[in-house]
Amino acid sequence: MQSRRIVHLMILAAAASLLWGCSGAGGGGSQASSVASSAKSSAAVESSSAMPSSSSARQTEGGEVMTDNIKVFAQNSIRITMGNKKIYIDPFQMKESPKDADFIFITHEHSDHYSPEDMKKVAGNNTTLILPESMQGKKAEASKIVARIETVKPSETKTVDGLEFTTVPAYNTNKQFHPKSNGWVGYILNVNGSKIYIAGDMDATDEAKAVKCDVALVPVGGTYTMTATEAADLINIIQPKVAIPVHYGSVVGSAADANTFKEKVKAPIKVEIPF
Ligand SMILES: [Zn+2]
């Protein structure tokens, strides 16, 4: 009951921040409100052509995509809840130490993505770490934090501890920070039948343009990754049901980039701005 009250309060707070146009004013790196809150309001608006239903009627089959289970903390630091499992991606600037991760996925070794300090905050007694094979050199260090480690190559599909996922190469096409030869990756996670794409640090590569997914979390901050406009162009090609901008507000990029992204993504794709 308590947590339900908190969720409702978060929804009210998010609605208020939308009304007042003050998203992002709380300072960089603040714990993001759940993206679900904006989803609920947009779901309510966009379902007006069908029966006007209460916002609690969202589901994965045939209609609304479930995003209540996705939370973005900062940068590409994301938590996805799958039943009673907790999946973290690139934990970074974590303000709390829940130590409840069943999985930690790492996209690449830059310090805003591979952060042992933050991995310690989320890792529990039985955590599996998934990271690119090209990060073998980090295994000794990481093995002190997690129970087991799986390595992955770009463009492969694997099932680890019951979670199926596919890796997508993540690299730059017009800048040097993330060379393709480094073997870094994004992930498409199959979460209860819903495909959630976490792109990592990248540009709009041919591989990214070929992704099929229900939800896409893509970088919009520019400099090291796609700009907001490039990210919107990619999303308009791959056509997920929901797109969530990430990788802004901490190192480079600002809330303005998230807003530009939202403006340029075309209906019926929904954009949920996490912070
Ligand atoms: Zn990077």
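1. Two strands pair if DSSP finds at least two bridges between them. Strands (E, at least two residues) and helices (H or I, at least four residues) are DSSP runs, numbered from the N terminus. The model is predicted: local features need pLDDT of at least 70, side-chain atom pairs count only at pLDDT 80 or more, and totals for chains, interfaces and linings use all residues. Residues are numbered from 1 along each chain as its sequence is written.

2. An open sheet is formed by six strands in the order 1-2-3-4-5-6, with mixed pairing. Strand 1 (70-74) and strand 6 (148-152) each have a single partner strand, so one side of each has no neighbour in the sheet. From one strand to the next the twist averages 20 degrees.

3. Strand 1 pairs with strand 2 (residues 77-82) in the antiparallel sense over four bridges; here Ile70 has Ile80 as its bridge partner. Strand 2 also pairs with strand 3, again antiparallel, over five bridges, and Ile78 is bridged to Ile89. The hairpin of strand 2 and strand 3 has two residues between the strands, and Gly83 in this hairpin takes a positive phi near 60 degrees.

4. Strand 3 and strand 4 (residues 101-105) pair in the parallel sense over three bridges, and Tyr88 has Ile104 as its bridge partner in strand 4. Four of the five residues of strand 3 (residues 85-89) are buried, so this strand is largely enclosed by the rest of the structure. A residue is buried if 20 or more other C-beta atoms lie within 10 Å of its own, with C-beta atoms placed from the backbone.

5. Helix 6 (residues 228-238) has Ala228, Glu230, Ala231, Ala232, Leu234 and Ile235 buried. These buried residues pack against helix 5 (206-209), strand 11 (215-219), strand 12 (242-246) and helix 7 (255-264). After helix 6 comes Gln239, with a positive phi near 55 degrees.

6. How do helix 6 and helix 7 cross, in degrees? Their axes come within 8 Å and cross at roughly 35 degrees (axes are lines fitted to C-alpha atoms over the stretch in contact, and angles run from 0 to 180 degrees between N-to-C directions). In the contact, Ala228, Thr229, Ala231 and Ala232 of helix 6 meet Asp257, Thr260, Phe261 and Lys264 of helix 7. Two residues are in contact if their C-beta atoms, placed from the backbone, lie within 7 Å.

Methods: Buried ≥ 20, exposed ≤ 12 C-beta atoms within 10 Å, placed from the backbone.
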